[in-house]
Amino acid sequence: MGQQVQVQVQVQVPLDVDGVRVIVCVGDFDQDTLQPLKAACTAAADDPGVRRVILDVSRVTFADSTMLNLMLILMRTGRLVLVGPVSPRLGRVLDLTQARDLFPTTDGIDAARTL
């Protein structure tokens, strides 16, 4: 029987710089593990001092529709930029739902700051 490897979810939020909040996502995100990311995104959306939210999704190993829904809610603020490369698992969700083109995406945090 194969050994199951569990990926720990991490959500890191470094200090804001010039009104830009970066949220780094690491691991698997589904309805059971989304709460830390949801809390970070809600705090960013509710903070009037945050003019841009950068969501670093380059280390997302799994994502389902609950993460996509959270991203869509945050996108409605008009301040969301994704930093990739978008992982294959998240990319699959974006492609299946035809949502990939909805999200401005860059290959680095510095590039995302300038959008």
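1. Helices (H or I, at least four residues) and strands (E, at least two) are DSSP runs, numbered from the N terminus. Residues are numbered from 1 along each chain as its sequence is written. This is a predicted model, in which local features need pLDDT of at least 70, side-chain atom pairs count only at pLDDT 80 or more, and totals for chains, interfaces and linings use all residues, while side-chain values use heavy atoms, with hydrogens and water left out.

2. Overall layout. The chain has 4 helices and 5 strands. Read from the N terminus, the order is β-β-α-β-α-β-α-β-α. The radius of gyration is 14 Å, close to the 13 Å that the globule rule gives for 115 residues, so the chain is as compact as a globular protein of that length. (The radius is taken over C-alpha atoms; the rule is 2.2 Å times the number of residues to the power 0.38.) Along its principal axes, the C-alpha trace spans about 50 × 30 × 25 Å.

3. Burial and surface. Of the 115 residues, 40% count as buried. Buried means under 20% relative accessible area, exposed over 50%, and partly exposed in between (1.4 Å probe, protein chains only). The accessible surface of the chain is about 6,800 Å², and 51% of this belongs to carbon and sulfur atoms. Areas come from the Shrake-Rupley method with a 1.4 Å probe; for residues, only the protein chains shown count as cover.

4. Contact means heavy atoms within 4.5 Å. Among contacts in the chain with a separation of 6 or more, 67% are between residues 24 or more positions apart. The chain carries 11 positive and 13 negative charges, and their mean positions are 2 Å apart. Lys and Arg count as positive, Asp and Glu as negative; His and the chain ends are not counted. Each charge is placed at NZ of Lys, CZ of Arg, CG of Asp or CD of Glu.

5. The cores. A nonpolar core is a set of buried Ala, Val, Leu, Ile, Met, Phe, Trp, Tyr and Cys residues joined through side-chain atoms within 4.5 Å. The largest one holds 27 residues, and Ile23, Leu37, Leu55 and Met67 touch the most other members. At least two residues of this core come from each of strand E2 (20–29), helix H1 (35–46), strand E3 (52–63), helix H2 (65–75), strand E4 (80–83) and helix H3 (88–96). Apart from it lies another core, of 8 residues, including Val26, Val81, Val83 and Ala112.

6. Setting aside neighbours within four places in sequence, Leu37 is in contact with Val11, Ile23, Cys25, Phe29, Leu55, Met67 and Leu70. Met67 belongs to helix H2. Met67 is buried, at a relative accessible area of 0%. With neighbours within four places again left out, Met67 contacts Cys25, Phe29, Leu34, Leu37, Val57 and Val60.

7. Arg52 counts as buried at 12% relative accessibility. Asp56 is buried as well, with a relative accessible area of 9%. Not counting residues up to four places away in sequence, Arg52 touches Gly19, Val20, Arg21, Arg79, Val81, Ala112, Arg113, Thr114 and Leu115. On that basis Asp56 touches Ile23, Val24, Cys25, Val83 and Ile109. Arg52 and Thr77, 25 residues apart in sequence, are 9.2 Å apart from C-alpha to C-alpha. For Asp56 and Val26, 30 residues apart along the chain, the C-alpha separation is 8.7 Å.

8. Backbone points to check. Most residues other than glycine have a negative phi, and most peptide bonds are trans. Gly84 and Pro85 are joined by a cis peptide bond, with omega about 20 degrees. Pro85 sits in the loop between E4 and H3. Asp18 has a positive phi, near 50 degrees. Asp18 lies in the loop between strand E1 (10–12) and E2, and is exposed, with a relative accessible area of 64%. Gln98 also has a positive phi, about 55 degrees. Gln98 is in the loop between H3 and strand E5 (105–106), and counts as exposed at 72% relative accessibility.
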